[in-house]
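Good morning, and thank you for coming. I would like to take you through one structure, beginning with a single residue and ending with the contact between two chains.

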2 protein chains.
Amino acid sequence: MPRTQLNLVGFLSGSAVNGDSWRHPDSDIDADLDFGRYKAYAQALERGKFDALFFYDNVLGVADPAWLTANPGVPRWEPLTLLAALAVVTERIGLIGTASTTFNEPYNLARRLASLDHLSGGRAGWNVVTATGGAENFNLDTHIDHAERYQRAHEFYDVVTGLWDSYADGAFVKDRASGRWTDPAKVHVLNHKGRFYQVQGPLNTPRPVQGHPVIAQAGASDDGRELAGRVGEVLYTAEHDIALARAFHADVKERAVRHGRHPDHVRILPGVSPFVGRTLGEAEDKYEDLLRHRDAATTLRGLSTYASLGVDLSTLPFEEPIRLPDEIAETNSHKSRQRLMVDWIRQDRPTVRQLYRKFTAGGHRVLVGTPRSIADDFEEWFTTGAADGFTIMFSSAPAGIEDFVDLVVPELQRRGLFRQDYPGRTLRDTLGLPVPRNRFFA
Amino acid sequence: MPRTQLNLVGFLSGSAVNGDSWRHPDSDIDADLDFGRYKAYAQALERGKFDALFFYDNVLGVADPAWLTANPGVPRWEPLTLLAALAVVTERIGLIGTASTTFNEPYNLARRLASLDHLSGGRAGWNVVTATGGAENFNLDTHIDHAERYQRAHEFYDVVTGLWDSYADGAFVKDRASGRWTDPAKVHVLNHKGRFYQVQGPLNTPRPVQGHPVIAQAGASDDGRELAGRVGEVLYTAEHDIALARAFHADVKERAVRHGRHPDHVRILPGVSPFVGRTLGEAEDKYEDLLRHRDAATTLRGLSTYASLGVDLSTLPFEEPIRLPDEIAETNSHKSRQRLMVDWIRQDRPTVRQLYRKFTAGGHRVLVGTPRSIADDFEEWFTTGAADGFTIMFSSAPAGIEDFVDLVVPELQRRGLFRQDYPGRTLRDTLGLPVPRNRFFA
């Protein structure tokens, strides 16, 4: 039976909105440090029956403080610390936190995610990233090479999931009369010795409520897709073109099948930044109003760095077609984003203005419309195999979150495309994903 | 003006009580995974105006699952995850979590502690440990040597506090009109390059509410005392003898002064496990009742390993004076505890029974008495320079916590030895400790 309902994940971090959208007077500017703000966002998303809240992260060093002048991504909460606090003030929404396989130890991260899963009654998710930078904060002179980062990621994942499987159900008998706290027959000592990691185990935490917290992933390079096909369950992507999105969707599902998985167990959720109005005019006004408060140069500089275009777009004439250098050095960080933007610029020859409007939302698709037109768009992507749902990137907070929850979600529900309520207690229940079997115990 | 009030810290971890005290029917046995239990403990301690809750940890691997059979220390929460959740359900009590300088990255830990400090409104504390074991879970064949662990700890502390000082107050201007989010003149790039760590910074979190979270420490070896004298603010120790405690107290305060610190800014809080009754008989009955439910052999085996005595005490005749081997190999983990126990056994020649009763509480002092006799004891230790307060290790939970809060705390308050209410909002306010000045900004 084909799946009939799509998944929705709310993307948040730092100031809670994309780029310099914080300059619009409707957006909070203290979410980076005011827990009350994030509590309100999480509770609003839960009212909208969102599958999960997704908290982005990076650990970049900064050589020149000037780089921070217009960067609202700093400060921000350490993801799993924030999510532990949010677990206490929410009841059903999933809590997906970003943590890299490059700058953590698998034993530490396995514990933290397992604790979050227990704390939240089975609502934890881990966004596995290899990190696009940050080596300078972790005793390294240069960043680890892209290919090696992914090799590490696979082994890291094996260790973490192996540690999560340290105990069979019922291992902790806690029998007062005999003094037996643990049944040693239900303990597995991992004794992992691999290329990058050596970890004895067992973890000092029982198996997570969900077996394993849900695995999210975002890399779209070939290595990234391969990791996604093998272990990813919720994929955050950045597709603009429905035909390309279908091709990506098919490719990743095929990889999953090749790894012996059911294709429905990988949910591909492209990022979308919606501007919602009761009429199209109202939506367009909101969008234009935001653009008036934003600064094109800041966004363009950010995009130029993000996609390693080899040129600073903010220095080019705004109304002329973009000319890229003939040779662009391949990046070691956002490989797939670089390729996507370079290909589009070379094929479509957009002006800087056209590019700016298309990529206002940090490289993600901007959708300006009514609840009905946005639902139409979602329905087309969902029913034609371009997406299993969407990662919603809000253009303002709290207003943008409330617009989506109060206007778009009811329209999706009316069409039967989205749940009326949470079906169970855990994030796996919500997503309809199976509980992984314990590798060491039947 | 000499300080007139003592400090109280509540020690918790895993099953929340010491050793196999969980076997007593009055103790919860699900605190290891039921957040509601820890929430109740934290709120009870806050009702008792405790300075802080102190969450112990270790990251040991386990070669033989049999070791876990009678070990209620596993499972347990990952400390900072639990404390983030407790921050939301408490308002004034300090939240001190253990994290090692041996198996963490300073950048990651600095962020997590800073986030906890922001989340809790300035109530975070970090129990700095070098870890007595765990190398087997962190890519190492053998544990790092004691001396090198302490060298690392000093540098780790320098990096973490340097990262906490990354921003001057007011660095994040968030000016919508100009688009200036950060004032780069108020950002310090650490660029640390030391023997063990290379960390660029700045941290992606503003300076913690308390400047630096409060630094707790527990090592009592010579290296441990030196770290304590240099950076420790709250010390958890295990003194049994009031004369030895005074000597330890004087030694550490002297080291603090040598490091240019005020001696009052190091608070020495020996561990005590109280059994409280309205009459002495009632207290003794509680103690005997607990002993009846405990298993001496389990405790003795644990102590033998803990203090590396070179002999398993549980195999020796219970009523005969203990004979230790002539040569005992010096341990690489609990150095000071080994020396303390070996010296005491050699001098006092206790029987196994005597040792067992003295060390029921994981090596800490057991105090069986009425609110008045316990307050007398605390007053003597406090007023004669043996302690600045106490770390309370509960023999049952929740009953043992409530006994102490409802019976002993009011007696200490009546004598003026303990606060009637919290004086401010942060843990530094509560302890009366200064906010450290920013190393890089006036």
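**From one serine to the interface**

Ser221(A) is buried, with a relative accessible area of 5%. Please keep in mind that this is a predicted model. Ser221(A) counts as buried because its value falls under 20% relative accessible area. In chain A, Ser221(A) sits in the loop between β9 (214–217) and α5 (222–231). Its side chain reaches the backbone nitrogen of Gly224(A) at 3.0 Å.

Which residues does Ser221(A) touch, if we do not count those up to four places away in sequence? They are His146(A), Tyr150(A), Lys335(A) and Ser336(A). Two of these names, His146(A) and Tyr150(A), return in the UniProt record, an unreviewed entry, which places the feature "binding site" at Asp57(A), Thr98(A), His146(A), Tyr150(A) and Ser221(A).

Let us turn to His146(A), which belongs to helix α4 (residues 146–164) of chain A. Is His146(A) buried or exposed? His146(A) is buried, with a relative accessible area of 5%. Beyond its neighbours within four places in sequence, His146(A) is in contact with Ser221(A), Asp223(A), Asn332(A), Ser333(A) and Lys335(A).

I now move to the nonpolar core. In soluble globular proteins, nonpolar side chains tend to be buried together. Here the largest nonpolar core has 185 residues. The residues with the most contacts inside that core are Leu8(A), Phe378(A), Leu8(B) and Phe378(B).

Finally, we come to the interface. The contact takes 78 residues from chain A and 78 residues from chain B. About 6700 Å² is buried between the two chains, and carbon and sulfur atoms give 57% of that area. On the side of chain A, the residues that lose the most area to chain B are Asn139(A), Arg176(A) and Trp181(A), together 12% of what that side buries.

How many salt bridges are counted between chain A and chain B? The count is 4. In one salt bridge, Asp57(B) pairs with Arg111(A), and the closest N and O atoms are 2.8 Å apart. Among the elements of chain A that give two or more residues to this side are α2 (79–89) and α3 (106–119). The largest share, 8 residues, comes from α3(A).

Thank you for your attention.

Definitions and conventions
Residues are numbered from 1 along each chain as its sequence is written. Chains are lettered from A and ligands numbered from 1 in the order in which they are written. This is a predicted model: local features need pLDDT of at least 70, side-chain atom pairs count only at pLDDT 80 or more; totals for chains, interfaces and linings use all residues. Side-chain values use heavy atoms; hydrogens and water are left out. UniProt positions are given in the numbering used here, feature names are shortened, and annotations may be inferred rather than shown by experiment. Helices (H or I, at least four residues) and strands (E, at least two) are DSSP runs, numbered from the N terminus. Buried means under 20% relative accessible area, exposed over 50%, partly exposed in between (1.4 Å probe, protein chains only). Contact means heavy atoms within 4.5 Å. A polar contact is a pair of N or O atoms within 3.5 Å; within protein, one must be able to donate a hydrogen and the other to accept it, and residues adjacent in sequence count only if both atoms are side-chain atoms. A nonpolar core is a set of buried Ala, Val, Leu, Ile, Met, Phe, Trp, Tyr and Cys residues joined through side-chain atoms within 4.5 Å. Buried area is the accessible area (1.4 Å probe) that two parts lose on being put together, summed over both. A salt bridge is a side-chain nitrogen of Lys or Arg within 4 Å of a carboxyl oxygen of Asp or Glu.
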